[in-house]
Amino acid sequence: MRIVTPTSPARRILVIDDDNFIRGLLEASLRASDFEVRGVATQAAFGEELVAFDPHVVMVDLDLGPGPSGMQLLALVEADSPWVAKIMVTSHRSTRLVDGNAPAVPDVTYIVKADITSADQIVAAVNASLEGEATVINDAGDAVRLTKGQADVLRMIASGMSNESIAQARGSSDRAVSKLIARTYEALGVAGAEGENARILAIKMLEASRVIVDE
């Protein structure tokens with residue numbers, strides 16, 4: 001008689017990323033390792049599936065466009081379901097580059113997309129997170145380090161805000177903001193570019209994961 005050993009039920013992972021291609025890759029990699037995966041593209045869908053799917057792990061993108069950031073979603077998960085393992089998979093090396101008021105959330109595994117070299121890294125991070133071990137895949141390498149103030153200004157520039165709008169948001173004078181922007185461009189090494197070109201080059205460095213923030 002053949003004895004069948006019962007297998008453990010699959011661990012459930014809820015993935016939110018508004019990039020369909022990246023979300024599909026994450027889902028495929030995790031399913032190949034026998035996880036049960038559900039992927040969503042919006043914050044509203046994430047909230048619904050958090051209840052309906054009852055995941056063991058949530059894997060979120062930091063920058064989800066309008067609405068709560070990925071870190072704000074993780075803060076909600078921590079408040080309502082602290083036993084759920086939390087993983088951030090993002091293009092940005094620091095949460096401040098997307099959410100200047102990102103709440104502190106304990107035990108978050110932080111993975112920078114540009115530093116992923118294989119699906120095995122993702123699976124290993126998930127398994128470690130399930131064991132209560134928060135890991136980091138964030139090889140700063142030659143990334144430029146900015147102060148918190150410089151990071152906030154760069155984030156606002158990338159969102160399309162004018163110098164005047166940035167000054168209003170920071171409660172500063174136009175002159176003070178102009179100086180801070182100039183120092184930010186110097187730190188990024190784009191100060192030699194003219195006007196709008198400096199702004200474009202700075203945004204490209206942010207998008208290419210070449211910026212990190214001194215916390």
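Strands β1 and β2 run parallel and are joined by 5 bridges, where two strands count as paired if DSSP finds at least two bridges between them. Within this pairing, Ile16 has Val40 of β2 as its bridge partner. Please keep in mind that this is a predicted model, in which local features need pLDDT of at least 70 and side-chain atom pairs count only at pLDDT 80 or more, while totals for chains, interfaces and linings use all residues. Residues are numbered from 1 along each chain as its sequence is written, and side-chain values use heavy atoms, with hydrogens and water left out.

## The chain as a whole

The protein chain holds 8 helices and 8 strands; helices (H or I, at least four residues) and strands (E, at least two) are DSSP runs, numbered from the N terminus. Its C-alpha atoms fill a box of roughly 80 × 30 × 25 Å along the principal axes. Of the 215 residues, 43% count as buried, where buried means under 20% relative accessible area, exposed over 50% and partly exposed in between, with a 1.4 Å probe and protein chains only. Taking contacts between residues at least 6 apart in sequence, 64% join residues at least 24 apart; a contact means heavy atoms within 4.5 Å.

## The sheet

Now back to the strands. An open sheet is formed by 6 strands with parallel pairing, in the order β2-β1-β3-β4-β5-β6. Its edge strands are β2 (36-40) and β6 (136-137), each of which pairs on one side only. In general, strands of a sheet pair through backbone hydrogen bonds, either parallel or antiparallel.

Here are some of the pairings, with one residue pair from each.

| Strand pair | Bridges | Residue pair |
|---|---|---|
| β1 and β2 | 5 bridges | Ile16 and Val40 |
| β1 and β3 | 4 bridges | Leu14 and Val58 |
| β3 and β4 | 4 bridges | Val57 and Ala85 |
| β5 and β6 | 2 bridges | Ile111 and Ile137 |

Strand β1 is mostly covered, with 4 of its 5 residues buried. For β3, both faces are covered: Val57 and Met59 are buried on one side, and Val58 and Val60 are buried on the other. As a rule, side chains in a regular strand alternate between the two faces of the sheet.

## Helices on the sheet

Helix α3 (residues 70-80) packs on the sheet, where α3 touches β1, β3, β4 and β5, and its direction makes about 175 degrees with that of β4. For such values, axes are lines fitted to C-alpha atoms, for helices over the stretch in contact, and angles run from 0 to 180 degrees between N-to-C directions.

The buried residues of α3 are Gly70, Met71, Leu73, Leu74 and Val77. They cover an arc of only 155 degrees around the axis, so they lie on the same side of α3; the arc is that of the directions from the helix axis to the C-beta atoms. Ala79 and Asp80, on the other side of α3, are exposed. The cover over the buried residues of α3 includes β1, α2 (43-52), β3, β4 and β5.

Thr95 sits in the loop between β4 (85-90) and β5 (108-112). With a relative accessible area of 17%, Thr95 is buried.

## Helices against helices

The axes of α1 and helix α4 (residues 119-130) come within 10 Å and cross at roughly 70 degrees. The two helices are therefore roughly perpendicular to each other; angles under 35 degrees count as roughly parallel, over 145 as roughly antiparallel, 65 to 115 as roughly perpendicular and the rest as oblique. Leu26, Ser29 and Leu30 of α1 meet Ala119, Ile122, Val123 and Val126 of α4. By class, this contact has 6 nonpolar, 1 polar and no charged residues. Ala, Val, Leu, Ile, Met, Phe, Trp, Tyr, Cys and Pro count as nonpolar, Asp, Glu, Lys and Arg as charged, and the others, Gly among them, as polar.

Asn163, Glu164, Ile166, Ala167 and Arg170 of α6 make the contact with Asp174, Val177, Ser178, Leu180 and Ile181 of α7. By class, the contact of α6 with α7 has 5 nonpolar, 2 polar and 3 charged residues.
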